[in-house]
Amino acid sequence: MAFTLDELVSRFGGVVIGDGACRITGLAPLDQAGPNQLSFLANPKYLSQVETSGAAAVLITSAALDKIASREGRSFLVVANPYAYFARVAQLFLALAQPPEPSGIHPTAVIDPSAVIAASASIGAHVVVEAGAVIGERVRLDAQVFIGRNAKLAPDVHLYPRVTVYHGCTLGERVQIHSGAVIGADGFGFAPDFTGDGGEWVKIPQVGAVRIGPDVDIGANTTIDRGAMADTVIEEGVKIDNQVQIGHNCRIGAYTVIAGCTGIAGSTTLGRHCIIGGAVGIGGHLTLADRITVAGKSSVTKSLTKAGVYSGTFPAIESSDWNRNAALMRNLDKMRARLKQLEAAVNPTR
Amino acid sequence: MAFTLDELVSRFGGVVIGDGACRITGLAPLDQAGPNQLSFLANPKYLSQVETSGAAAVLITSAALDKIASREGRSFLVVANPYAYFARVAQLFLALAQPPEPSGIHPTAVIDPSAVIAASASIGAHVVVEAGAVIGERVRLDAQVFIGRNAKLAPDVHLYPRVTVYHGCTLGERVQIHSGAVIGADGFGFAPDFTGDGGEWVKIPQVGAVRIGPDVDIGANTTIDRGAMADTVIEEGVKIDNQVQIGHNCRIGAYTVIAGCTGIAGSTTLGRHCIIGGAVGIGGHLTLADRITVAGKSSVTKSLTKAGVYSGTFPAIESSDWNRNAALMRNLDKMRARLKQLEAAVNPTR
Amino acid sequence: MAFTLDELVSRFGGVVIGDGACRITGLAPLDQAGPNQLSFLANPKYLSQVETSGAAAVLITSAALDKIASREGRSFLVVANPYAYFARVAQLFLALAQPPEPSGIHPTAVIDPSAVIAASASIGAHVVVEAGAVIGERVRLDAQVFIGRNAKLAPDVHLYPRVTVYHGCTLGERVQIHSGAVIGADGFGFAPDFTGDGGEWVKIPQVGAVRIGPDVDIGANTTIDRGAMADTVIEEGVKIDNQVQIGHNCRIGAYTVIAGCTGIAGSTTLGRHCIIGGAVGIGGHLTLADRITVAGKSSVTKSLTKAGVYSGTFPAIESSDWNRNAALMRNLDKMRARLKQLEAAVNPTR
């Protein structure tokens, strides 16, 4: 399995400086690459590694290439975004290395007769697909996946082993969901009905669903709850890491990224192109504007209307403010000592 | 599927003001409801919406009804708790809309011959029930559920797809558990045995179980560990959200509610009617009194003996104290500037 | 099922003071133990309970035994580490009480013909083992486990029901993993490629795996991601609780313990013998030295190079510093009042 630089250009674009017939058989970081390997320069601080790298060719921007003293000994593939280009070439190599998934339905899968399964779909061992579900072309359901009644999976969806999709949920094209994730469990809604000693929490039926747009990736053991009345919505291109919890009736704007262990309470809307760090907590019924970044472990308890970077735990504020104040907090004992000294100076007899 | 207001009264109580023969075919919020729909007024701030709502009938308290200027154009159902009443009617509609679950055992389920399965139970595809387990009347086990040996499920339990119940655990009547939850995995207990360079953590066998009372709801991917010697206990009517972790030997008091992503370390006891926010951390070997509320993302590192509202991250204190101090923390740089100015005034030559 | 003290000594070491023929049929804490039961004294503060305990025999250090006034009425088993010894005896009793797992492959398991399954392995109902996987001697796969292609499980591994091991991952001898855990899902890596209005996050293929050393325990619903290029590594003897998330390319040093709900971002290295509390967040690309302890709920955002105890949320600092400053933070309003008073004294006319 090998591609010449010219072949890569014809697939993904870019301009070859050097030998377009140079054959690439794999990828590696600059400091580990050998002959026949393609590397990339994404961060200018590694510029000096380019000249010493053993790579046959290097993905590089034209601005960075101008700073290379000697182009001897290797070829260059000049592109706008070396890291993204590298990722696409890596996907190409991986796809060719993996055994092809045969289409068809494993004999141990349990498919309701009213479900519609595209002929090109691949349904693994012990999968369960309930009544009325629709499974699109080239969908791949790995072993032990569960698809509830009337759920709809668009073409090219890939669910890894042991994913649950509850009834009525819809997944857009090319959605990928990792093992253990649960899409469409009931939102957490109960009405208190206590009088005197007795009573109970009365469950509020959750009759919305989850609607996931195209090109969404969801990590292992993440949970996204169905809406109470309307749907919970994940827009196109959103990327969600492992063990994230998204409450009922949330809407996550397109291309937003959410890192692991973050929890978002119900009825909250995140804008487009937000970046939410790991283990962040976002309260319910809030609205975050487009292009908000929240640092890891922060608490968001108010709506954020202005693009920017937010941090902190009581609650998140703009990161520059947080960092200045957090540094003081770690040294509060010194401030108190200064205060004490002042008090002694001002009221010496006290 | 429709009910008259009089039919609802005969099921759930209340008093009709207006047309008892008015037919209800569904439910909706005040601002979205149309003819034949029932709505509710739970929060006085939406009082003005009642008169403009298109709802055929509105659930309302008698106190709120007294404030309505015009009762024209719709009927009222006067009840003590409109929101809880609404939830019960919604449950009724949902139950009728859902396809009935046929009783019986799916041919792909693997049931140990020594397990006892009630005739009215419904056992889904690829379910596994081990030796000595007891499955009560009308229990519903969705696809791919696992029930360990000697576990006991009371009547009307519903486990969604892919729930694990370990050996020896017991579930009370009407318990509902969502997909991916794990009940009864080993608690986290190891004895250090290191000397010099060598050694190991010696596992402490976890020989207790998990005992769950009636009417408990448990969310997706939540984990509740079995006890080390005695049992971990979840009392009646407790409601637990997704991705909650409850350590070995905890006891959660009746009707307590725990929001998503919260973790409770081992051997901690929560009182009755507590409300624990999302992503809260509660340390081990603590006791929380009845009717404690803890704000989201707080850390509880000491026992709390007094009912009240607690917040904060180092560690939680009464919320009013926390909020006052947290506001100062966000402005600590201003306090330092004032301190500096004072120092200059007092010691001008410094 | 019973053992004499002499029999225990021949298995686990120690010295009997009293009756070596004394028969033990079970274990219990000092204050609950009855005749024929073995108890232990691990914490000197319970010394007084030894003399009043109904236990037939007590595990004790020789130093503690010297402080016991009367040895009447019970025997002693003098050992270096009573708690670890107790755990080992408890394991022995538990192993004998459990029904033996029959070796062999359940007829509903789906095993690829190219997988290699040791004759002494026990493969449960609805298990899936893909092509090229290797399952060692006495491995026990409980129901509904998934093993991806070319994964390798060393002898005596035990996977509880519904564990996922992705392709190419390797598990060392005696590894135990609880229900719902996911080993080897893709790490969270995407290259941004946005220009103007359009663009996407380009997935970076995750072609490393997860390599787990011997004697590692992993809790329910924990996730450990596969590496991007190199492997994610969990060294021998590591113990990980429930709902922990470990990002791609992390390395966790031998014998380190990680409590529940903790998240560790990608490419971070933890030393040996670290103790990480519950719900801790550790950032990416950090290095923690050997023998670091981090208190529960802390945030670690910088590398920690010195053994010690760290706490805090902005970010973690040495615990003694944190505790002193956190106490001041909870009383910041008092500091401000003192500052105000001083300002009035220094600038009375202001």
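Residues are numbered from 1 along each chain as its sequence is written, while chains are lettered from A and ligands numbered from 1 in the order in which they are written. Because the model is predicted, local features need pLDDT of at least 70 and side-chain atom pairs count only at pLDDT 80 or more, whereas totals for chains, interfaces and linings use all residues.

**How the copies are related**

Two copies of a chain are related by a rotation about an axis and a shift along it. Here, chain A is superposed on chain C by a rotation of 120° with 0.0 Å of shift along the axis, at an RMSD of 0.2 Å. These two copies are thus related as by a three-fold rotation axis. For chain A on chain B, the rotation is 120°, the shift 0.1 Å and the RMSD 0.1 Å. The superposition is by least squares on the C-alpha atoms of residues with pLDDT of at least 70 in both copies.

**Chain A on its own**

Chain A holds six helices and 40 strands; these are DSSP runs numbered from the N terminus, with helices (H or I) of at least four residues and strands (E) of at least two. Its radius of gyration is 27 Å, well over the 20 Å that the globule rule gives for 350 residues, so chain A is more spread out than a compact globule. The radius is taken over C-alpha atoms, and the rule is 2.2 Å times the number of residues to the power 0.38. Along its principal axes, the C-alpha trace of chain A spans about 85 × 75 × 30 Å.

Of the 350 residues in chain A, 54% are buried. A residue is buried if 20 or more other C-beta atoms lie within 10 Å of its own, exposed if 12 or fewer, and partly exposed in between, with C-beta atoms placed from the backbone. Among contacts in chain A between residues at least 6 apart in sequence, 19% join residues at least 24 apart. Two residues are in contact if their C-beta atoms, placed from the backbone, lie within 7 Å.

**The two sides of chain A**

On one side, 46 residues of chain A are in contact with 50 residues of chain B. Strands E22 (190-195) and E23 (198-203) and helices H5 (319-329) and H6 (332-346) of chain A each supply at least two residues to that side. H6(A) provides the largest share, six residues. By class, the side of chain A that touches chain B has 23 nonpolar, 15 polar and eight charged residues. Ala, Val, Leu, Ile, Met, Phe, Trp, Tyr, Cys and Pro count as nonpolar, Asp, Glu, Lys and Arg as charged, and the others, Gly among them, as polar.

The contact with chain C takes 50 residues from chain A and 46 from chain C. Helix H4 (82-97), H5 and H6 of chain A give two or more residues each to this side, which by class has 21 nonpolar, 18 polar and eleven charged residues.

**The H6 helices**

H6 also packs against its counterparts in other chains, as the table sets out.

| Helix pair | Axes | Angle |
|---|---|---|
| H6(A) and H6(C) | within 11 Å | roughly 30° |
| H6(B) and H6(C) | 10 Å apart | about 35° |

Axes are lines fitted to C-alpha atoms, for helices over the stretch in contact, and angles run from 0 to 180 degrees between N-to-C directions. The crossing of H6(A) and H6(C) is left-handed, and so is that of H6(B) and H6(C); left-handed means that the near helix is turned anticlockwise from the far one by less than a right angle.

From H6(A), the residues A:Arg336, A:Leu339, A:Leu342, A:Glu343 and A:Val346 meet residues of H6(C) that include C:Met335, C:Arg338 and C:Leu339. This contact divides into eight nonpolar, no polar and three charged residues.

**Some single residues**

A:Asn150 sits in the loop between strands E15 (146-147) and E16 (152-153) of chain A. Its phi is near 65°, a positive value in a residue other than glycine. With 18 C-beta neighbours inside 10 Å, A:Asn150 counts as partly exposed.

C:Asn36, in the loop between strands E4 (26-27) and E5 (37-40) of chain C, has a positive phi near 75°. Most residues other than glycine have a negative phi.

C:Val134 lies in strand E13 (residues 134-135) of chain C. Leaving aside neighbours within four places in sequence, C:Val134 is in contact with C:Val116, C:Lys152 and C:Leu153.
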